[in-house]
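My notes follow in the order of the look-ups.

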There are 2 protein chains.
Amino acid sequence: MSTERVVAICGGIGGAKLALGLYRLLPPRALTLIVNTGDDFEHLGLHVSPDIDTCLYTLSGLANQELGWGRADESWNFMAALKSIGGDTWFRLGDRDLALHVERTRQLASGRPLSAVIAGFADRLGLNAEILPMSEAPVRTLVDTDEGLLGFQDYFVRRRCAPRVRSISFDTAPDATIQPRARAALLAPDTTAIIICPSNPYLSIDPLLAVPGFAEALKGATAPVIAVSPIIGGSAVKGPTAKIMQELGVEPSAATVAAHYAGLIDGFLLDERDVALAAELSIPTRTADTLMTTLDDRIRVARAALEWAYQLP
Amino acid sequence: MSTERVVAICGGIGGAKLALGLYRLLPPRALTLIVNTGDDFEHLGLHVSPDIDTCLYTLSGLANQELGWGRADESWNFMAALKSIGGDTWFRLGDRDLALHVERTRQLASGRPLSAVIAGFADRLGLNAEILPMSEAPVRTLVDTDEGLLGFQDYFVRRRCAPRVRSISFDTAPDATIQPRARAALLAPDTTAIIICPSNPYLSIDPLLAVPGFAEALKGATAPVIAVSPIIGGSAVKGPTAKIMQELGVEPSAATVAAHYAGLIDGFLLDERDVALAAELSIPTRTADTLMTTLDDRIRVARAALEWAYQLP
């Protein structure tokens, strides 16, 4: 499969697990990741890109396994000093992690596009994959809750997903459009598969679909588009997906996610525990053990998704 | 001496030694420090104020004694991570130290004046002294050398004072003026003494004198103005003062420094090793052991300067 060229669409932690599986499975430079930047925000004057950084750290082996975010072997002396001078400490930035935020902010201020900043980091970290933001201009995820309209990090980190979600929307900059290389990768005739990773559909994948031109490119792709379910047996593997689905008034099941992606995907990879749902769905499904605990799990799920994609008509 | 109100004028390391002596000697809130910000620069997109921070750290007991700059008990994980992504590492920022730069930059961007940012830090660090920047707007020290015109940190840190200095100048923002509280402190009738600390006269004190309104306020002060010599026996205690004086074509001696301050000071505190120079000088002098190695030395020199100031006519 030396001519594989796979595009994966993902958010943060959950999606990055499968992205790592794909990265380890595929030959060098065969993987393009298009990553949610709806979570990006300015904090302490720094441009923070949580999902991009999770992908950078996960693929380069620097991710913090215990925390599930940030960098391994991290120290927190910046935060301690910041606290001592009265700074804002609800969003934790590790000493090593901070380097990406400071350097990204500096490069963006100098006029470098976000994609070029990220490509430079990926290159320095020795990655053999292309990591692209969904757009260069901001598209910001806003969560309308029973506590009012919250920015994504306010909702997710500061309030720990506690408020009840009423709706999710995206504040799109006037010049926001799908990142050109991302669009080209989706539409390229030699792209062999497009995988929507098991990220939260509402918080992590919808921001991508909200970017002008993104859904159109996905619909126009000649490569098969496979989504991997983030819901197993009615529960999210990690994070607030099931809770949010309940609050949004939809059944927290893999079938709901499949329906959410209707019109965009050619196949839906269900967990084997949800095999009974396959009959309900009007799109092609396949089942596999999609729980990803170890690195081998990640590679196995990546293989299941790709092998199936290549069999789709 | 409960009604003492002392103003000290200082740069970084050398000056901060005497400032600490004054701080420990005087009753709480009796000391106002007016600090050089000609060394301030933007680095990695952050506003760095080296002399201000040296004073904050020195007075609060957080200064790194081994390095002579930055914070004690420092870690360098940010720098290591920055290096790994290709960032600029010639100016070392410790993990804890970084908190001041990030928070200062954030507050300045929000429109807070530099003096208010610093006052907030001083308050959080528990300081019972007022620390004021010489001006709110930038006045930047430029060093013309045989390698061309260099910004202060380029000259001082990146090039380690190696280039030959031809002249020193100050790039003054159109709205730069002496910080109003600094002016008021210099001119206040109840100010009992003004001490020019033994900082480098050309690199650390001249920037203050270049601020519009500063020299006038010093000349208009009713309190006695005493300068403490940064040169002992023809050598600078620390730093490039003597080298720069040679390059500027003046004799590296305490007498040259006294002449440099002519018209601004009422007395010059010489080191006892330079007692022979006293006869050369046309302004009142006093000698003392001005070498400051220990904290007791700092307090002793502070006491010598103040006791003499109070005896001046």
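**Entry 1: the sheet**

I started with an open sheet of three strands in chain A, with the order β7-β6-β8 and antiparallel pairing. The model is a predicted one, and I read it as such. I looked up the edges next. They are β7 (148-151) and β8 (165-172) of chain A, each pairing on one side only. From one strand to the next the twist averages 30°.

Then I went to the pairing of β6(A) with β8(A). Strand β6 of chain A covers residues 139-145, and seven bridges join it to β8(A). The two run antiparallel.

**Entry 2: confidence**

I checked the scores before going on to the chain contacts. Chain A has a mean pLDDT of 94, and 99% of its residues reach 70 or more. For the model I noted ipTM 0.91 and pTM 0.92.

**Entry 3: symmetry**

I superposed chain B on chain A. This takes a rotation of 180° with 0.0 Å of shift along the axis, and the RMSD is 0.0 Å. The two copies are therefore related as by a two-fold rotation axis. Which residue of chain B comes closest to the rotation axis? I found Asp95(B), with its C-alpha at 2.9 Å. I also compared the contact residues: 100% of those of chain B recur in chain A, and the same surface serves both copies.

**Entry 4: the interface**

I counted 25 residues of chain B in contact with 25 residues of chain A. On the chain B side, α3, α4 and α5 (114-124) each supply at least two residues. The largest share is that of α4(B), with eight residues. By class, I noted twelve nonpolar, eight polar and five charged residues on this side.

**Entry 5: helix α3 of chain B**

I found Gly86(B), with a positive phi near 85°.

Terms used. Residues numbered from 1 in each chain as written. Chains lettered and ligands numbered in written order. Predicted model: local features only at pLDDT ≥ 70, side-chain atom pairs only at ≥ 80, totals over all residues. Pairing = 2+ DSSP bridges. Helix = DSSP H or I, 4+ residues; strand = E, 2+ residues; numbered from the N terminus. Axes fitted to C-alpha atoms, helices over the stretch in contact; angles between N-to-C directions. Least-squares fit on C-alpha atoms with pLDDT ≥ 70 in both. Contact = placed C-beta atoms within 7 Å. pLDDT = per-residue confidence, 0-100. Nonpolar A, V, L, I, M, F, W, Y, C, P; charged D, E, K, R; others polar.
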